[in-house]
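Subject: Structure handover

Hello,

Here is the structure for your files. Please look through it alongside the notes below.

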Amino acid sequence: MASHRLIDLSVLSCLLFFASLCLISSTSTVFSVDLPLNSSDKVSLGLYYESLCPYSANFVVNYLAKIFVDGLIDIVDLNLVPWGNAKLTGNSTFACQHGPWECLLNTVEACAISAWPDVNGHFTFVYCVESLVYEGKYTQWETCFEKLGLDPKPVADCYSNGQGKELELQYAAETNALEPPHTYVPWVVVDGQPLYEDYEDFIRYICKAYSGTAIPQTCSNLSLNSIRKGKVSFIKPVCYSDDTTESIRSGIKSWKR
């Protein structure tokens, strides 16, 4: 008699188990899981710049920072490259366009990018430093640690132990490998394509290049068909890599486009 009860309980358990499976199956269309944005859907955005170029500082402070405010950073893979128009001088040494202070700040920003790999972490520091550049107070750059509540040790160690120099040499190689070569900074690249003098309109290019489904409101509000093509674009203020011949060359390229 007891064995029959055990069998009945086993059968009842099985029935309850399969019933629960059916219930889950029938309600699966009701519940959905929000999946994270596929990294392959992100648009690559490269900024090749130098710390003391006033036009680089202006772009970081007044243009690039916008992508962190309106949520556009969610569809962007941002790559900051603080090298710009610096030149290799042999024996792994280099000189910067605006002098030793620029070499120092380029290296400091490279160390910050390495110390805090998350873009939300290192961009806040770069933004703080470039804000001081924009205000003509770049010698006060160390105040950014206290303002942001950041430990200065990782950046200080990186700078003093030679890691910062190695990072800058890597950025030099990356910048020098650009195709077409950069002729000034800021040099903004979206999905491998330089924007030339249209760099201030970079958000429109990002939205145009994005192929995912999580379209930010910023992109929905833009008229993507208004990207300039075949139109003369006035040269924006930039720091040229060499001399005035580069200005003429850039102007000719702009006119041809």
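Predicted model: local features only at pLDDT ≥ 70, side-chain atom pairs only at ≥ 80, totals over all residues.

Residues are numbered from 1 along each chain as its sequence is written, and side-chain values use heavy atoms, with hydrogens and water left out.

Helices (H or I, at least four residues) and strands (E, at least two) are DSSP runs, numbered from the N terminus. Strand β1 covers residues 43-49, and six of its seven residues are buried, so the strand is largely enclosed by the rest of the structure. Buried here means under 20% relative accessible area, exposed means over 50%, and partly exposed is in between (1.4 Å probe, protein chains only).

Two strands pair if DSSP finds at least two bridges between them. β1 pairs with strand β2 (residues 76-82) in the parallel sense, over seven bridges, and Tyr48 stands opposite Val81 in β2. Between β1 and β2 the chain passes through helix α2 (residues 54-62), and this β-α-β crossover is right-handed (with the strands pointing away from the viewer, the path from the first strand over the helix to the second runs clockwise). β1 is also joined to strand β6 (residues 187-190), by four bridges in the antiparallel sense; Leu45 stands opposite Val190 there.

Aromatic pairs

Rings of Phe, Tyr and Trp (its six-membered ring) pair if their centres lie within 6.5 Å; planes under 30 degrees apart count as stacked, over 60 as edge-to-face and the rest as tilted. The count by this rule is 13 aromatic pairs. In one of them, Phe68 and Phe123 have ring centres 4.3 Å apart and planes at 15°, so the pair is stacked. Phe68 is in the loop between α2 and β2 and Phe123 is in helix α4 (residues 119-134), so the pair ties together parts 55 residues apart in sequence. Phe68 is partly exposed at 24% relative accessible area, whereas Phe123 is buried at 4%.

For Trp83 and Phe94, the ring centres are 5.2 Å apart and the planes at 70°, so that pair is edge-to-face. Both residues, Trp83 and Phe94, are buried. Ring pairs also link Phe59, Tyr63, Tyr199 and Phe202 into a cluster.

Thr107

Thr107, in helix α3 (residues 100-115), is buried, with a relative accessible area of 7%. Leaving out residues up to four places away in sequence, Thr107 touches Phe94, Tyr159, Gly164, Lys165 and Glu168 (contact means heavy atoms within 4.5 Å).

Regards
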